Amino acid sequence: MEQKIFAKDEMMSIKNWENIIIRPDDSLKTALSVIDKEALRVAIVAENGVIKGVVTDGDIRRAILKGTELSCVVEEIMNRNPITASASLSSNELQKMMKESEILSLPIVDDEGRVVGLKTLYDTFLVEKRNNPVFIMAGGFGTRLRPLTDNCPKPMLKVGDKPILEVTIQNFIKAGFLNFYISTHYMPEIIEQYFGDGSSLGVNITYVHESEPLGTGGALGLLPKDLPENLPIIMINGDILTNVDYERLLDFHETNDADATMCVREYDYQIPYGVVKGNGMKVSGIEEKPTQRYFINAGIYVISQKIVSLVPKNYRVDMPSLLEMYFNGEGRVLMFPIHEYWLDIGRMDDFRRAQSDIQTLGLD
């Protein structure tokens, strides 16, 4: 796990704590909106001002994996016995409570259990840099986006005023990542001339060129052999626009001792007809326009060095096939549901949507 050098612990009073108050009958979707907007990773559940529980980003991800729909009310999954504190406690006492309980936020309540504030514990540090390699797949032809990609590789198409690839790299930089590997094939010179060695961005960029397309997993066999030992690699397709929390993703992977973690996205599909159930010739039921729920591959992975070592040089394989071979053995391959913004820019409609989303989401 990446080592952090801390200067001090700092406790902060949240002035706009009312913004994270939700009701027990609010949906998980509403809770996610509040958590993402306020960036505190927690929402306080209260009724008539009285605290009923708290719900965190992690609570919701676990619920999604168990099949809970985002329309479910937060009362179903919230922590009904959260740790709270009295406003009469000193700052040192509140800070001690959070450290001993290993929590980052603490609702403040009065004698009747009404929420009157929120304290959060932040680790203020001198340096927090991650040496984990970031491997970006940027070699695709982008045929579905022609004619835009006739003279430009898809990851270099601009969303707003920056190429998709630059938006992706800068989001990783904000999360503390410094070491990037970019897999190229189609028009590699455009990518290499634009980013160079990464020094203009304050990072290190190494290019891995595929003479022939090797699939989303085959390029792993071209990575240099001197990668940092025991550090998982984050892989991402070069045509994805997202604000996924990479720190949480890595923590999930390491905490659960995974060999590989695949980010998944919930996808609902409504069948536009009534589905008939039967027993032989007899109709036993009719379900009108049912909705099917699936988890789809989001094109973002965390993988261990042991998986990288399994891929021979110039071996063609896609990541789903590589992971399938691995988890059919003794490998530990886990799912990490992402509820943050995510867009696979594969079609013209997606590209147009990205143009409108980039400003409102602050990804630029």
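The protein chain contains 10 helices and 20 strands. The model described here is a predicted one. Along the principal axes, the C-alpha atoms of the protein chain fill a box of roughly 70 × 70 × 45 Å. Of the 364 residues in the protein chain, 46% are buried. The accessible surface amounts to about 19,100 Å², and carbon and sulfur atoms account for 48% of that area. Charged side chains number 38 positive and 52 negative, and the centres of these two sets are 2 Å apart. When contacts between residues at least 6 apart in sequence are considered, 68% of them join residues at least 24 apart.

One of the sheets is an open arrangement of seven strands with mixed pairing, in the order S12-S11-S8-S13-S18-S15-S19. Its edges are formed by strand S12 (204-209) and strand S19 (333-337), each of which pairs on one side only. On average, and with direction ignored, neighbouring strands of this sheet are turned by 30° against each other. At the S12 end of the order, strand S11, made up of residues 179-184, pairs with S12 in the parallel sense, and six bridges connect the two. Within this pairing, Ser183 stands opposite Val208 of S12.

Strand S3, which spans residues 42-47, runs parallel to S2 and is joined to S2 by two bridges. Ile22 has Val45 of S3 as its bridge partner.

Several loop residues were examined individually. Glu75 is placed in the loop between helix H2 (57-65) and strand S5 (85-86). The relative accessible area of Glu75 is 33%, so this residue is classed as partly exposed. Apart from neighbours within four places in sequence, Glu75 is in contact with Pro24 and Arg80. Gly53 is 22 residues away from Glu75 along the chain, and the C-alpha atoms of these two residues are separated by 8.1 Å.

The loop between S8 and strand S9 (158-159) holds Pro147, and Pro153 lies in the loop between S8 and S9 as well. The peptide bond leading from Arg146 to Pro147 is cis, with omega near 10°. Most peptide bonds are trans. Pro153 has a relative accessible area of 0% and is therefore buried. With neighbours within four places in sequence left aside, the contacts of Pro153 are with Tyr186, Met187, Ile190 and Ile191. Pro153 and Asn243, which are 90 residues apart in sequence, have C-alpha atoms 22 Å apart in space.

Backbone phi angles are also of note at two further loop positions. Most residues other than glycine have a negative phi. Asp257, however, has a positive phi, near 50°. Asp257 is found in the loop between helix H7 (246-255) and S15. Because its relative accessibility is 60%, above the 50% cut-off, Asp257 counts as exposed. Lys289 likewise has a positive phi, near 45°. The position of Lys289 is in the loop between strand S17 (282-288) and S18. With a relative accessible area of 41%, Lys289 is partly exposed.

Conventions:
Residues numbered from 1 in each chain as written. Predicted model: local features only at pLDDT ≥ 70, side-chain atom pairs only at ≥ 80, totals over all residues. Heavy atoms only, no water. Helix = DSSP H or I, 4+ residues; strand = E, 2+ residues; numbered from the N terminus. Buried < 20%, exposed > 50% of the residue type's maximum accessible area, 1.4 Å probe, protein only. Contact = heavy atoms within 4.5 Å. Areas by Shrake-Rupley, 256 points an atom, 1.4 Å probe, with all protein chains shown as cover. Lys, Arg positive; Asp, Glu negative; His and termini not counted. Charge placed at Lys NZ, Arg CZ, Asp CG, Glu CD. Pairing = 2+ DSSP bridges. Axes fitted to C-alpha atoms, helices over the stretch in contact; angles between N-to-C directions.
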